[in-house]
Amino acid sequence: QVQLVESGGGLVQPGGSLRLSCAASGIGFSINVMEWYRQAPGKQREFVAFILSDETTNYADSVRGRFTISRDNAKNTVYLQMNSLIPEDTAVYYCRSPSTGSWGQGTQVTVSS
């Protein structure tokens, strides 16, 4: 059974940083694409970033240059380093394994002074 567990969310001031983690189990993690999505209140869930097994990455325009996705295959974990946070980044952040269709439970990120 695939399980994805996010952590690392919280309250941060504008301009601050957070690092989210997503620990995966039940899948061949090292061969899998992993993705981050987010959903702000009253809005649809939107793509944030993906990372391929060869560590190729891609980002939504809204976060490119501020967020960095990475992975540690030995720990079956994908990370999202978020810098220069702005209030518009406030959302629940989810990781996803597209090959299995699995989602994590989400972690709340709130950017506010």
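Beyond its neighbours within four places in sequence, Met82 is in contact (heavy atoms within 4.5 Å) with Gly16, Ser17, Leu18, Leu20, Arg66, Phe67, Tyr93 and Val109. The model is predicted, local features need pLDDT of at least 70 and side-chain atom pairs count only at pLDDT 80 or more, while totals for chains, interfaces and linings use all residues. Residues are numbered from 1 along each chain as its sequence is written, and side-chain values use heavy atoms, with hydrogens and water left out.

Met82 also belongs, with Trp36, Leu80 and Tyr93, to the residues with the most contacts inside the largest nonpolar core, which has 28 residues. Such a core is a set of buried Ala, Val, Leu, Ile, Met, Phe, Trp, Tyr and Cys residues joined through side-chain atoms within 4.5 Å, buried meaning under 20% relative accessible area, exposed over 50% and partly exposed in between (1.4 Å probe, protein chains only). Two or more residues each are given to this core by β3 (18-25), β4 (34-39), β5 (46-51), β7 (67-72), β8 (77-82), β9 (91-97) and β11 (107-111), strands being DSSP runs of E with at least two residues, numbered from the N terminus. The largest share, four residues, comes from β3.

Val33 lies in the loop between β3 and β4 and is partly exposed, with a relative accessible area of 27%. Leaving aside neighbours within four places in sequence, Val33 is in contact with Phe50, Ile51, Leu52, Arg96, Ser97 and Pro98. The C-alpha atoms of Val33 and Thr57, 24 residues apart along the chain, are separated by 9.7 Å.
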